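Here is a short briefing to read alongside the model. Take a look at the structure first, and then we can walk through it topic by topic.

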Amino acid sequence: MRTIAPSIENRLAEHHRGLPVWIRATKSGQEYYTGLTCAKLYDLASRGLIRSFSLRDPGNLKGCRLFHLQSILDYLERAEQREKKADEAANPDVPPAAAPLPLLKGQTVFLANALTGGGNEYLIGVFASESDAWLASQRELNQGRKVWIEPHVIG
């Protein structure tokens with residue numbers, strides 16, 4: 001029986017969550033998964049806070065800058081924790097925010113998925129109702145992406 005390398009297992013786990021492993025910065029506006037601008041992604045990468053590399057052929061001056069999505073999400077999580085600690089230190093009398101309600105076992109949710117022009121599949125979102133998923137899918141269809149909605153029961 002063959003075993004899978006740990007790095008491959010991590011990539012498969014990321015793929016099954018509906019997230020790509022590497023992303024590109026948008027030319028304008030905010031990046032889809034993180035909401036960060038191109039300038040912010042380059043700034044974080046230059047300071048070594050997130051993983052990034054330039055994919056280019058040997059001898060070429062230009063390439064394609066890719067950013068590791070999980071490292072960006074980890075950075076955002078750390079930043080949120082730092083902000084919470086700073087807020088708690090500054091306002092000790094304020095009670096912490098209530099935790100979001102967990103999804104209930106057996107509940108049906110609707111996943112809206114999209115296929116980019118490059119053949120990469122990504123999750124638009126998880127919605128409580130099919131109509132909400134349909135509205136989100138219409139936005140993606142107008143951008144030329146193939147979209148489908150799948151009902152899933154949380155188990």
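Let's start inside: apart from residues up to four places away in sequence, Ile72 touches Ile23, Thr34, Leu36, Leu41, Ile50 and Phe67, where contact means heavy atoms within 4.5 Å. This is a predicted model, in which local features need pLDDT of at least 70 and side-chain atom pairs count only at pLDDT 80 or more, while totals for chains, interfaces and linings use all residues. Residues are numbered from 1 along each chain as its sequence is written, and side-chain values use heavy atoms, with hydrogens and water left out.

**Around Ile72**

- Ile72 sits in helix H3; helices (H or I, at least four residues) and strands (E, at least two) are DSSP runs, numbered from the N terminus.
- With a relative accessibility of 0%, Ile72 counts as buried; buried means under 20% relative accessible area, exposed over 50%, and partly exposed in between (1.4 Å probe, protein chains only).
- Between the C-alpha atoms of Ile72 and Leu44 there are 8.7 Å, although 28 residues separate the two along the chain.

**Overall architecture**

- The protein chain has four helices and six strands.
- Read from the N terminus, the order of these elements is α-β-α-β-β-α-β-β-α-β.
- The protein chain has 155 residues, and 22% of them count as buried.
- Among contacts in the protein chain with a separation of 6 or more, 48% come from residues 24 or more positions apart.
- The protein chain has an accessible surface of about 11,400 Å², and carbon and sulfur atoms hold 55% of that surface; the areas come from the Shrake-Rupley method with a 1.4 Å probe, and for residues only the protein chains shown count as cover.

**Aromatic pairs**

- How many aromatic pairs does a search of the whole structure find? The search finds three.
- In Trp22 and Phe53, the ring centres are 4.9 Å apart and the planes stand at 85 degrees, so this pair is edge-to-face.
- The pair joins distant parts of the chain, with Trp22 in strand E1 (residues 22–23) and Phe53 in strand E2 (residues 52–55), 31 residues apart.
- Trp22 is partly exposed at 30% relative accessibility, and Phe53 is partly exposed with a relative accessible area of 31%.
- Tyr32 and Tyr33 also make an edge-to-face pair, because their ring centres are 5.0 Å apart and their planes are at 90 degrees.
- Tyr32 has 38% relative accessibility and counts as partly exposed; Tyr33, at 23%, counts as partly exposed.
- For the cut-offs, rings of Phe, Tyr and Trp (its six-membered ring) pair if their centres lie within 6.5 Å, and planes under 30 degrees apart count as stacked, over 60 as edge-to-face and the rest as tilted.

- Arg24 lies in the loop between E1 and H2 and is exposed, with a relative accessible area of 54%.
- Beyond its neighbours within four places in sequence, Arg24 is in contact with Glu31, Cys64, Arg65 and Leu66.
- The C-alpha atoms of Arg24 and Arg65 are separated by 6.5 Å, with the two residues 41 apart along the chain.

- Outside the four places on either side in sequence, the contacts of Asn113 include Tyr122, Ile124, Val147 and Trp148.
- Gln107 belongs to the loop between helix H3 (69–90) and E4, and counts as partly exposed at 28% relative accessibility.
- Not counting residues up to four places away in sequence, Gln107 touches His152, Val153 and Ile154.
- Gln107 and Ile154 are 47 residues apart along the chain, and their C-alpha atoms are separated by 5.4 Å.
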